[in-house]
Amino acid sequence: MSRDGYDDITSGAQVVVSDASDKKVAIGDLGDGLLVKGPTGSTKLYESRCEYPFRIKDVPLGSKIYSVHAGNEARGERSFTRGDLTDGIQLTIG
């Protein structure tokens, strides 16, 4: 079944953290997806969203900037500071 370009975003998909030199330093995976109702309380797919929790342990210290990537290579990556990662981050697509 096609999910309109989101087939790579699913429970168990890898989440990769790279350091400032683009070296992969930690890997985790997406948890089970949770349907979040839209602003009107609707569960219609065009009004709601799916959230996948993830946690990545043992990210090494030492880099000022880290890049985080989930899904296929076409999705790109987002950059965060060590503090951002410690506080918790969100990745958004779509």
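Predicted model: local features only at pLDDT ≥ 70, side-chain atom pairs only at ≥ 80, totals over all residues.
User: In what order do the strands of the open sheet of 4 strands run, and which are the edge strands?

Analyst: The open sheet has 4 strands with antiparallel pairing, in the order S2-S1-S5-S6. A strand at the edge pairs on one side only, and this applies to the two strands that end the order, namely strand S2 (24-29) and strand S6 (78-81).

User: By what angle are neighbouring strands of this sheet turned against each other on average?

Analyst: The pairing in this sheet is antiparallel, but the angle between neighbouring strands is taken with direction ignored.

User: Over how many bridges do S1 and S2 pair, and which residues of S2 are the bridge partners of valine 15 and valine 17?

Analyst: Strand S1 (residues 14-18) and S2 pair in the antiparallel sense, and this pairing extends over 5 bridges. Within S2, the partner of valine 15 is glycine 28, while the partner of valine 17 is alanine 26.

User: Where is aspartate 58 found, and what is its relative accessibility?

Analyst: Aspartate 58 is found in the loop between strand S4 (49-51) and S5, and its phi is near 60°, a positive value in a residue other than glycine. Aspartate 58 counts as exposed because its relative accessibility lies over 50%, at 72%.

User: Which element gives the largest share of the largest nonpolar core?

Analyst: The largest nonpolar core has 13 residues, and those with the most contacts inside it are Val15, Val17, Ala26, Leu30, Ile56, Val59 and Val68. The elements that give two or more residues to this core are S1 and strand S5 (65-70). The largest share, 3 residues, comes from S5.

User: Which residues does leucine 30 contact, leaving aside its neighbours within four places in sequence?

Analyst: Leucine 30 is among the residues with the most contacts inside the largest nonpolar core. Once its neighbours within four places in sequence are left aside, leucine 30 is in contact with Ile9, Thr10, Ser11, Gly12, Ala13, Val15, Tyr52, Pro53 and Phe54.

User: How many Å separate the C-alpha atoms of aspartate 29 and glycine 12?

Analyst: Aspartate 29 lies in strand S2 and counts as partly exposed because its relative accessibility, 43%, falls between the cut-offs of 20% and 50%. Beyond residues up to four places away in sequence, aspartate 29 touches Gly12, Ala13, Gln14, Val15, Pro53 and Phe54. Although aspartate 29 and glycine 12 are 17 residues apart along the chain, their C-alpha atoms are separated by 5.1 Å.

User: Which element gives the largest share of the lining of the second largest pocket?

Analyst: About 300 Å³ of space lies in the second largest pocket, and its lining includes Val17, Ile56, Asp58, Val59 and Val68, as well as Arg82, Leu85 and Thr86. The largest share of that lining, 3 residues, comes from helix H1 (residues 82-87).

Methods
Residues numbered from 1 in each chain as written. Heavy atoms only, no water. Pairing = 2+ DSSP bridges. Axes fitted to C-alpha atoms, helices over the stretch in contact; angles between N-to-C directions. Core = buried A, V, L, I, M, F, W, Y, C linked by side-chain atoms within 4.5 Å. Buried < 20%, exposed > 50% of the residue type's maximum accessible area, 1.4 Å probe, protein only. Contact = heavy atoms within 4.5 Å. 1 Å grid on protein atoms, 1.4 Å probe; cavity = no way out; pocket = protein on both sides within 12 Å on 5 of 7 lines; lining within 4 Å. Points joined across faces, edges and corners; volume = space filled by probe spheres on them.
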